[in-house]
Amino acid sequence: MTSIVAIAGSLGKPSRTRLLVEDVARRVAARTSGAVTLVDVAELAPELGRSFSRPAAEPVETALAAIEKADLIVAGSPIYKGSYSGFFKHLIDLVDYRALTGAPVALLATGGSDRHALAVEHQMRPLFAPSTR
Ligand SMILES: Cc1cc2nc3c(=O)[nH]c(=O)nc-3n(C[C@H](O)[C@H](O)[C@H](O)COP(=O)(O)O)c2cc1C
């Protein structure tokens, strides 16, 4: 079964980004007979903020292991000040970049307008460069 990890990078509750990420991951799962694991930084925030290296504090370590084992990643962040959220970046900073080689990554973002739409290309794509080339 295809393992799909959906990453929601907003600290907001409720979160438009989480709704978008869940919807896209559900659609991908329906087409691939995949199983979705949701990683929501809003739920991980206290432990994520205390995690600076691996192994990270639980439940962050479990989330990182799921990302590293994923067959496919759906990654979404709200745009804050023209870029991804800080907690989204911190989560991805802790991922072993070698583990993502070959895993397709769908990049998603929500914003207040389309003014910063290019942040997906300029900011988010390099985070996953080995797997999105
Ligand atoms: C601190 C902060 C900074 C933001 N900066 C931008 C921005 O630079 N460009 C933009 O288009 N939207 C910006 N927004 C709007 C959010 O990206 C938008 O409301 C987003 O959908 C929120 O996602 P969420 O509901 O998942 O938290 C900002 C919002 C906040 C709270």
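**Close-up 1. Serine 83 is a buried loop residue.** In this predicted model, serine 83 has a relative accessibility of 13%. Buried means under 20%, so serine 83 counts as buried. Serine 83 sits in the loop between β3 and α4. Which residues does serine 83 contact, leaving aside its neighbours within four places in sequence? They are Pro78 and Gln123.

**Close-up 2. Lysine 81 is an exposed residue with a positive phi.** Lysine 81 also belongs to a loop, the one between β3 and α4. The relative accessibility of lysine 81 is 87%. Exposed means over 50%, so lysine 81 counts as exposed. The backbone deserves a look too. Most residues other than glycine have a negative phi. Lysine 81 is not a glycine, yet its phi is positive, near 50°.

**Close-up 3. Serine 33 has a positive phi as well.** Serine 33 is found in the loop between α1 and β2. Its phi is about 55°, although serine 33 is not a glycine. Is serine 33 buried or exposed? Its relative accessible area is 54%. The cut-off for exposed is over 50%, so serine 33 is exposed.

Close-up 4. Most peptide bonds are trans. Proline 14 lies in the loop between β1 and α1. Proline 59 is part of the loop between α2 and α3 (60-69).

**Close-up 5. The sheet is open and has four strands.** Strands of a sheet pair through backbone hydrogen bonds, either parallel or antiparallel. Here the pairing is parallel, and the strand order is β2-β1-β3-β4. Which strands form the edges? They are β2 and β4 (105-110), and each pairs on one side only. From one strand to the next, the twist averages 15°.

**Close-up 6. Strand β1 pairs with β2 and with β3.** Strand β1 covers residues 3-8. Five of its six residues are buried, so the strand is mostly covered. How many bridges join β1 to β2 (residues 35-40)? There are six, and the two strands run parallel. Look for valine 5: its bridge partner in β2 is threonine 37. Five bridges join β1 to β3 (residues 72-78), again in parallel. Isoleucine 4 has leucine 72 of β3 as its bridge partner.

**Close-up 7. Strand β3 pairs with β4, and helix α5 lies across both.** Six bridges join β3 to β4, and these strands run parallel. Find glycine 76: it stands opposite leucine 108 in β4. Now find helix α5, residues 119-127. Helix α5 runs at about 130° to β4.

**Close-up 8. Helices α2 and α4 cross.** Two packed helices are described by the angle between their axes and the distance between the axes. Helix α2 spans residues 41-49, and helix α4 spans residues 86-93. Their axes come within 10 Å. They cross at roughly 65°. Angles of 65 to 115 degrees count as roughly perpendicular, so α2 and α4 are roughly perpendicular to each other. The crossing is left-handed. Which residues make the contact? Helix α2 gives Val41, Leu44, Ala45, Leu48 and Gly49. Helix α4 gives Phe87, Phe88, His90 and Leu91.

**Close-up 9. Leucine 48 is a buried residue of helix α2.** The relative accessible area of leucine 48 is 0%. That is under the 20% cut-off, so leucine 48 is buried. Not counting residues up to four places away in sequence, leucine 48 touches Val41, Val60, Phe87, His90, Leu91 and Leu94. Take leucine 91 from that list. Leucine 48 and leucine 91 are 43 residues apart along the chain. How far apart are their C-alpha atoms? The separation is 7.1 Å.

Conventions:
Residues are numbered from 1 along each chain as its sequence is written. This is a predicted model: local features need pLDDT of at least 70, side-chain atom pairs count only at pLDDT 80 or more; totals for chains, interfaces and linings use all residues. Side-chain values use heavy atoms; hydrogens and water are left out. Buried means under 20% relative accessible area, exposed over 50%, partly exposed in between (1.4 Å probe, protein chains only). Two strands pair if DSSP finds at least two bridges between them. Axes are lines fitted to C-alpha atoms, for helices over the stretch in contact, and angles run from 0 to 180 degrees between N-to-C directions. Angles under 35 degrees count as roughly parallel, over 145 as roughly antiparallel, 65 to 115 as roughly perpendicular and the rest as oblique. A crossing is left-handed if the near helix is turned anticlockwise from the far one by less than a right angle, and right-handed if clockwise. Contact means heavy atoms within 4.5 Å.
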